[in-house]
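Biologist: I would like a close look at a single part of this model, with the cut-offs behind each term spelled out.

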Amino acid sequence: MSQAKTSFISLRRILIIARSTVTQLVRMKVFWFLAPIALLFVGLQYFDAFWYEGPEAAQPQQELQMHKNLCLGTMMLFGSLFAIVSTALLIPRDIEDRTLYTILSKPVPRLDYLCGKLLGVLIVIAIAMLVMDILLVTTLHYRTAGVLADMDDFLPRLGWGQDLIDAKKAEIAAHGPSWGLQFGILAHFFKAAIIAAVALLISTFSTSTIFTIATSVLVWIIGALQGIARDAFMDDRTLGETTSIAGRILGTLVSLLFPDFQVFESIAEAAARAQEILVLDVVKVSGLAFFYVAIYTVLSWFAFSDKEF
Amino acid sequence: MSSGLAVEIKNLVKKFKPSFRAKTIRAVDGVSLSISAGEVYGLIGPNGSGKSTTMKALLGLVAPTSGTCAIFGKDSMKVDSRNDVGFLPENPYFYKHLSGAETIRFYGKLCGMRGKELEDRVNEMLALVDLEDARDRRLGGYSKGMLQRIGLAQALVQDPRLVILDEPTAGVDPTGSRQIRDLILKLKERGITVFLCSHLLEQVQEICDQIGIIHHGKMVRQGRLEDLISLEDRTELILDQPSPELLEKIRALIASEEGSKLLSEGHPRTTLESLFLEETQ
């Protein structure tokens, strides 16, 4: 072994650490959190909006949109919280148990260790998202079929012609399972991946898990709100009001330090509304997510490379 | 740095600056030591004397404030130097979710091993540390001694030329402690260099070729064990079945010799460890 030259970064070593991280999380029974989500998704099947009467009459797609909104919101919430908690726990636990000593005393560059841990968390999030995705698609499929069957019964009684009924049914079917919906779920996965990378960065210099979790949640909230804040700022300018220099510096700093989740949110919202999502937009969002994850991982490496144990 | 030595530490200084305190702590203060290939070196000292910090600096887990550490001539801050090292930290806790075999396999893979070579090595290591029966049991159910032995197995998985052991028998019962001691002696027979620190001075005395005594971060004594502990001006005789008349003659002879003095006599005793092992095995 003595003559071996250790490469700066190795995909093989990263995959070994990632696999161990996945095994660790799976054997910690983290997937149990999917059980209440499954119950929620299935339970939503039996929750009807009162669209047969009132101003919402003949707008049954709202029923499906509500189903998607609730399911996507749950996926986003659990995905992000899971990303924060699992990432925040892994490195401090390795340090506390001195497992990190034995790993780093092998020919393992610290960048490999960080990338492996992050990749492991992302794989587990992807598996969890996939399970939730399958649940959502299945429940949405049956719900859409149910609504369409109801429409066959309900719309003729309103005196609608067959052309109108077919158009309405096509509109409703568009709210069923679709590629657009998959893009929305992908956007939520990207958000979870970014917040996991943020938690990884914080855990490299934080001395407590609670601090890492609390700070990561704060970054998550700022990331979700900074787009809204920026929109408000833009509105002020359109009204002819000027923002102070301090305000502009603060805004720039926030946008540099914190991820902006608005673009991911807009994809997810479009998916829930069954609006068309261009593949090019998905590619752009994927690139942005990769950029954020890469930046936070490199910053984590800078912080971790000089860390002493 | 000389590459003929397994370990070479030159003027190692490590200072820590505790938070909210102006005064820095000098955990290691100008320590120098060298270990030749195949030697067993024991670093002893009280708690907080700088033993673990010295080991961590050698493994690149802490960066020296000044001075250098090298393993087989390679700067220990470089990842490459760790190809030749196995490390067992004090009170190790490995991934509890992995079994014994999975743990050794994981560390073997990190060292670039794979396929049949890795599987053969996993089996060999489990046999070496006598954990074949527990190979598929998760580490969460291992005893302290078993954890130390699996730790030793992971340290040896890539067949390193140097093994660093931080308190290898801490918290282990006498039987487990003896097994670990025997393993270290096996390593010595195979020509593997061992650098260990321990509080069990009797064990250090039994297995080490060289000793370093560290106190308040400074190396206060260092050298070959026999040179350090032998009392050149005293002689010990152990007689088997001596008659009372013979003993009396010896006493009289000593008394007749000017400058010689009988300091003590009695029956030699076995050690408590030997007695314990005799009764329990």
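Leaving aside its neighbours within four places in sequence, which residues is Ala197(A) in contact with?

Modeller: This is a predicted model, in which local features need pLDDT of at least 70 and side-chain atom pairs count only at pLDDT 80 or more, while totals for chains, interfaces and linings use all residues. Residues are numbered from 1 along each chain as its sequence is written, and chains are lettered from A, with ligands numbered from 1, in the order in which they are written.

Apart from neighbours within four places in sequence, Ala197(A) is in contact with Leu118(A), Tyr292(A), Val293(A), Tyr296(A) and Thr297(A), where contact means that the C-beta atoms of two residues, placed from the backbone, lie within 7 Å. Ala197(A) is also listed with Ile125(A), Ala193(A), Ala196(A) and Ile164(B) as touching the most other members of the largest nonpolar core, which has 141 residues. Such a core is a set of buried Ala, Val, Leu, Ile, Met, Phe, Trp, Tyr and Cys residues joined through C-beta atoms within 7 Å, and a residue is buried if 20 or more other C-beta atoms lie within 10 Å of its own. The largest share of this core, 18 residues, is given by helix 7 (residues 179–205) of chain A, a helix being a DSSP run of H or I with at least four residues, numbered from the N terminus.

Among contacts in chain A between residues at least 6 apart in sequence, 86% join residues at least 24 apart.

Methods: A residue is buried if 20 or more other C-beta atoms lie within 10 Å of its own, exposed if 12 or fewer, and partly exposed in between; C-beta atoms are placed from the backbone. Helices (H or I, at least four residues) and strands (E, at least two) are DSSP runs, numbered from the N terminus.
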